[in-house]
Amino acid sequence: MESCGGQRDPDFRAFGSWGSTGFLKRDQHLSLIFSLKRLMLGMWYRRLPRLFVVPHRPTGSTSPRVPWLPRDRAVPAATTCWHHTAPESLKCAWQLHGDHLELRYANTLMRFDFVWLRDHCRSASCYNTKTNQRSLDTASVDLGIKPKAVRVDETTLFLTWPDGHVTRYGLEWLVKNSYEGQKQQVMHPRILWNAEIYRQAQVPSVDCQSFLETDEGLKEFLQNFLLYGIAFVENVTPTKEDTEILAERISLIRETIYGRMWYFTSDFSRGDTAYTKLALDRHTDTTYFQEPCGIQVFHCLKHEGTGGRTLLVDGFYAAEQVLRQAPDQFELLSKVPLKHEYVENVGDCHNHMIGVGPVLNVYPWNNELYLIRYNNYDRAVINTVPYDVVHRWYAAHRTLTAELRRPENELWVKLKPGKALFIDNWRVLHGREAFTGYRQLCGCYLTRDDVLNTARLLGLQA
């Protein structure tokens with residue numbers, strides 16, 4: 001950035017004088033500034049009337065340079081001076097531009113649009129603290145609005161608007177809620193794992209009674225689930241009714257075309273490979289929903305036979321390997337939209353579901369992965385991208401598939417009566433080995449929002 005004298009000031013330090021030897025030492029700064037102060041004082045008062053005539057300038061324009069302003073000041077339409085909370089403090093510095101405020105605090109350089117600063121005002125007339133909802137009509141804010149005065153102390157930014165309204169922001173709040181601050185934050189802390197990492201972590205199962213009757217047991221379960229994408233509850237009575245009680249402890253049950261709670265056997269009662277004894281490759285469920293189901297619950301009620309182990313793979317761990325080895329392919333998998341489709345005409349069940357989205361879904365501001373949509377069974381015809389992208393997509397898909405199929409990434413578990421498994425369907429892929437005999441599972445889908453809500457109410461980051 002530029003300092004008031006027009007020289008480079010990359011560290012935004014007060015009283016910086018840039019030359020061939022870099023910044024002056026602090027005592028030299030103070031000596032210099034105090035000797036110049038008397039000279040500048042006369043210049044300041046002579047220029048004061050002219051300085052505070054604010055000309056009309058289009059948004060985004062560059063205004064003439066002005067000298068240092070006092071701490072509590074009216075400001076022209078734009079200035080490129082860096083201002084500080086106090087001459088003796090370098091903790092915070094700010095600078096006005098034609099359409100935004102630039103603020104440096106806590107080692108973060110932030111830029112705030114003036115409309116944003118007016119829109120997010122937390123004063124009593126603009127924000128209802130009882131309901132935590134905005135009262136201000138955003139559409140009433142002038143899109144060309146600029147603050148009439150700006151002041152910053154050690155903890156707070158004060159903005160006075162043309163109508164006299166005063167907005168106050170805590171500096172810590174601004175760091176937390178700025179775009180630049182959010183880019184440095186992780187929305188959902190996770191531990192990525194392969195089979196060995198998970199086994200070494202020795203993640204404990206939670207006892208059913210503790211899960212149902214204590215906040216401590218529930219919190220331990222949810223912490224495991226949020227970090228690893230899977231969690232187990234032991235000593236559950238092996239019935240559909242008790243599994244339903246278990247599920248409702250953390251969320252509303254999401255009713256789908258498969259019903260509310262379902263029994264799962266190999267009778268091919270539904271038009272899905274899952275209702276057979278065949279092996280199932282790793283996949284996520286309901287990719288053909290516009291919003292895939294967030295959490296899946298499995299509870300094996302009975303198995304009289306062999307095989308049937310459950311396969312679990314951390315899709316985010318595999319995606320992280322792709323990001324490291326082939327970032328261009330990761331980006332392609334996060335940009336190309338695909339259709340997934342479920343067509344069913346079996347008995348009284350007639351459904352045609354279509355969901356659209358990329359294989360990898362990331363938050364655009366910090367590139368954090370939040371959803372993997374991977375199901376080769378249900379992927380529809382690829383007709384959403386031109387031919388010259390298709391082959392590159394197949395190559396990227398092959399790279400991801402290779403990671404998902406690495407034996408070291410496969411966690412195999414044997415589900416038994418009394419042990420319920422919760423899976424983050426937005427993260428962890430599941431599959432199954434072929435089996436013999438009679439095998440019955442029950443389960444359901446849970447609404448992701450309600451699971452995360454329960455976690456937040458217990459003080460967890462979710």
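Student: How much space lies in the largest cavity?

Tutor: This is a predicted model, in which local features need pLDDT of at least 70 and side-chain atom pairs count only at pLDDT 80 or more, whereas totals for chains, interfaces and linings use all residues. Residues are numbered from 1 along each chain as its sequence is written, and side-chain values use heavy atoms, with hydrogens and water left out. A search of the whole structure finds three cavities of 30 Å³ or more (sets of points on a 1 Å grid over the protein atoms alone where a 1.4 Å probe fits but cannot get out). With volume taken as the space filled by probe spheres set on the points, the space in the largest cavity is about 90 Å³.

Student: How many charged residues does the lining of the second largest cavity have?

Tutor: This cavity, with a volume of about 50 Å³, is lined by L338, H340, V359, R373, Y374, N375, N376, R379, W393 and H397. Strand 18 (338–346) and helix 11 (387–404) are the elements that give two or more residues to the lining. With Ala, Val, Leu, Ile, Met, Phe, Trp, Tyr, Cys and Pro taken as nonpolar, Asp, Glu, Lys and Arg as charged, and the others as polar, four lining residues are nonpolar and four polar, while the number of charged ones is two.

Student: How is helix 10 oriented to helix 11, roughly perpendicular or roughly parallel?

Tutor: Helix 10 (residues 327–335) and helix 11 have axes 9 Å apart and pack at about 110°, the axes being lines fitted to C-alpha atoms over the stretch in contact and the angles running from 0 to 180 degrees between N-to-C directions. Under 35 degrees counts as roughly parallel, over 145 as roughly antiparallel, 65 to 115 as roughly perpendicular and the rest as oblique. The angle of about 110° therefore makes the orientation of helix 10 to helix 11 roughly perpendicular.

Student: Which residues of helix 10 make the contact with helix 9?

Tutor: Helix 9 (residues 315–325) packs on helix 10 at about 125°, with the axes 5 Å apart, and the two are therefore oblique to each other. From helix 9 the contact (heavy atoms within 4.5 Å) takes in A319, V322, L323, R324 and Q325, and from helix 10 the residues are P327, Q329 and F330.

Student: Which strands stand at the edges of the open sheet?

Tutor: Four antiparallel strands form this sheet in the order 15-24-17-22, where pairing requires that DSSP finds at least two bridges between two strands. Within the sheet, strand 17 (residues 310–314) is joined to strand 24 (residues 428–432) by five bridges. Because each has a single partner, one side is left without a neighbour in strand 15 (280–283) and strand 22 (411–413).

Student: Which residue takes a positive phi in the hairpin of strand 20 and strand 21?

Tutor: Strand 20 (residues 360–362) and strand 21 (residues 369–372) pair in the antiparallel sense over three bridges, with V362 opposite L369. Six residues lie between these strands, and the one with a positive phi, near 60°, is N367.

How values were computed. On a 1 Å grid over the protein atoms alone, a cavity is a set of points where a 1.4 Å probe fits but cannot get out, and a pocket is an open set with protein on both sides within 12 Å along at least five of seven lines; lining residues have an atom within 4 Å of a point.
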